[in-house]
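Have the picture open while you read.

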Amino acid sequence: MSDPAPLTTDHPGQAASATPPAPGRSRRLSDRGLAVAFISPALLLLLAMSVFPLLWALYLSFTDYSATRGGPAHFIWFENYTAILTSAQVHLRALTTLIYVFGAVTLQTVLGFAIAYLISRRTHGRGLLTTLFLVPMMLSPVVVGLFWRFMLDAQFGVINSMLGSLGLGQVEWLTRQRTALISLIVVDTWQWTPFIMLIALAGLTAVPKYLYEAASIDRASEWFRFRTITLPLVWPLLLIAVLFRAIEAFRLFDLVYILTSGGPGVSTETLSFHVYKVAFLGFNTGTASAYGILMVLIVIVLTQLYLRYLNKLKED
Amino acid sequence: MAVSVDEAVSTGPVRDHTPSARRFGGRGRFVLEVALLTVLAVVMLFPVLWMIETSIKENRDVYAIPAKFFDFKVTMDHFKDVFVASGGGRSTLSVSFLNSVVVAGVSTALATVLGVPAAWAYSRFAVKAKKDQLFFILSTRFMPPVVVVIPIFLMYRQVGLIDTQLGLILIYTAFNVPFTIWMMKGFVDEVPAEYEDAAMLDGYTRLQAFWRFTLPLLLPGIAATAVFALIFSWNEFVFATFLTSSDNVRTAPPAIAGLIGGTTVDWGLVAAASVVFALPVLVFAYLVRKHLVAGVTLGAVRR
């Protein structure tokens, strides 16, 4: 497929020659050559660093290989998969992940959209406000996790200190089962509300002004305008942001690792954190690979959904 | 439609009152909205301000109960500790910052060199199954890092890339190339292909037309894209923590996370290190604020 390309690029004189058919022909050929030459390095890197590792993981997922024990890997076919899919531990982590993803993404969407709506109604200081609100999103999860860990500390944390001065009791944010998961959701919401806000704001500012003017001539109520103009026009873009956040939240590892390390007990262990434990603390590489492949399948389904939807939005 | 007519009719009789009532309601609402926005802004920014405050507090005040908001002694000791080791010389943290600069910088440069031409080719030429290829490229970026790191770890162990900067650079490049291609394709699409056609009529080859005419027009877009890639690599934690371990290779995120490993945690130092770490990101993000929507959605959404 690529063999004609080098031939033509080796003839620099051809493009400059005056005979009309030759440049046309060479151009088409060199175009194809150029496309291959420009695209293949990037694709090769992705094949080597993303596809090959996943294929390797796929192979390992059918074996009992362990990274520390070494020795040859024995094929055990679907044993790893059945073990994972029937494990009560995994079911528990799946539930935790579901609660976390659903809770965090819902909170972010509501808050983010509310902030965007409020900002879009301001005429002054919009740029400054947006910039200020976006700060949390740009921080590394490491910084965010560490800092909230400090603020949520039961003894000298500033949150409990403020609660104390309000006359409220102290809360063991990160060391109680129930509150730990809530804390995780809150911290993730704090970091990613700006993301939803940013996209919702892009949608809100794109709503044509004349629609609102027409509605106010009709004396449509505020709620009516919101429901029939704002929401339908912003919703497609907002859904993109929500799907994107859901995928990101599903993959999330670093914040859990820093903030709670899955604890107390296993109350904040999400699926990605559990994979890490199986792979790097339990050293069951085969099982962890099967676990990972299952997660990748979920991500692929979600990504397909996201991209299909994105494509539809772009074509409209 | 019907509802709007109903509304118009129902507000008819009280028409005289509505303007003033509406104006008053408008003002009350205005105050309420501004107040709400202020409260939300304070809540969102408080952790950042608290981090900055903690980084300049003396240790005594850091652990004060109740927390001290204003009356504390200002000290720069924590920032000194970030860069200078207790016995003099460079601290391990400052080494890790330097490593971060190298790893993020080189991987961004590589991703740009690989991604920009690919983006141009995808934008200009009829490539077979273009849409599928582009979707495949973006979906590699969505893989859970903690899953990808397992085979990458084994692979690197085989070829001796564990605990090397090259290993980190390669994986960061692979994670930034999809983003660069998607982001840059948008910028290339905005440059009319006619420019290149006109240049080719003047006798330039396609490659020369790209190099001399399109590329200069793409420079602002390339800069914005590179800044985002830089931020992604700079902030990355999962690969950095699993693929590197020694102090002279480790980047800043695992190094900062390592500060809380011991029995006592020097939160002042953690705060100062976090501020030093986050500051360049915020400056860079401010520079590319126009492209934030495209940047944070990996180039998928642009308005």
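## Helices, and how they are counted

Helices here are DSSP runs of H or I with at least four residues, strands are runs of E with at least two, and both are numbered from the N terminus. With that in hand, chain B reads α-α-α-α-α-α-α-α-α-α-α-α-α-α along its sequence, which comes to 14 helices and zero strands. Chain A also has 14 helices and zero strands.

Some housekeeping before we go on. This is a predicted model, where local features need pLDDT of at least 70 and side-chain atom pairs count only at pLDDT 80 or more, while totals for chains, interfaces and linings use all residues. Residues are numbered from 1 along each chain as its sequence is written, chains are lettered from A and ligands numbered from 1 in the order in which they are written, and side-chain values use heavy atoms, with hydrogens and water left out.

## How spread out are the chains?

The radius of gyration is taken over C-alpha atoms, and the globule rule to hold it against is 2.2 Å times the number of residues to the power 0.38. Chain B has a radius of gyration of 26 Å, well over the 19 Å that the rule gives for 303 residues, so chain B is more spread out than a compact globule. Its C-alpha trace spans about 85 × 75 × 35 Å along the principal axes.

For chain A, a compact globule of 316 residues would come out near 20 Å, but the chain has 27 Å. The box filled by the C-alpha atoms of chain A is roughly 90 × 75 × 35 Å, again along the principal axes.

## Inside and outside

Call a residue buried if its relative accessible area is under 20%, exposed if over 50%, and partly exposed in between (1.4 Å probe, protein chains only). By that count, 53% of the 316 residues of chain A are buried, and buried residues make up 53% of the 303 in chain B.

Now for contacts, meaning heavy atoms within 4.5 Å. Take the contacts in chain B between residues at least 6 apart in sequence: 71% of them join residues at least 24 apart. In chain A, residues 24 or more positions apart account for 66% of the contacts with a separation of 6 or more.

## Where the two chains meet

How many residues of chain B are in contact with chain A? There are 106 of them, and they touch 101 residues of chain A. Together the chains bury about 9200 Å², 80% of it on carbon and sulfur atoms. Buried area is the accessible area (1.4 Å probe) that two parts lose on being put together, summed over both. On the chain B side, Leu37(B), Met44(B) and Phe142(B) supply 8% of the area buried against chain A, more than any other three residues.

## Two residues to look up

Find Thr230(A) in helix α11 (residues 222–251) of chain A. Is Thr230(A) buried or exposed? Thr230(A) is buried, at a relative accessible area of 2%. Leaving out neighbours within four places in sequence, Thr230(A) is in contact with Tyr117(A), Leu204(A), Tyr212(A) and Arg225(A).

Over in chain B, Leu215(B) sits in helix α10 (residues 206–235) and counts as buried at 16% relative accessibility. Not counting residues up to four places away in sequence, Leu215(B) touches Val116(B), Phe210(B) and Ile222(B). Leu215(B) and Pro117(B) are 98 residues apart in sequence, and their C-alpha atoms are 9.5 Å apart in space.
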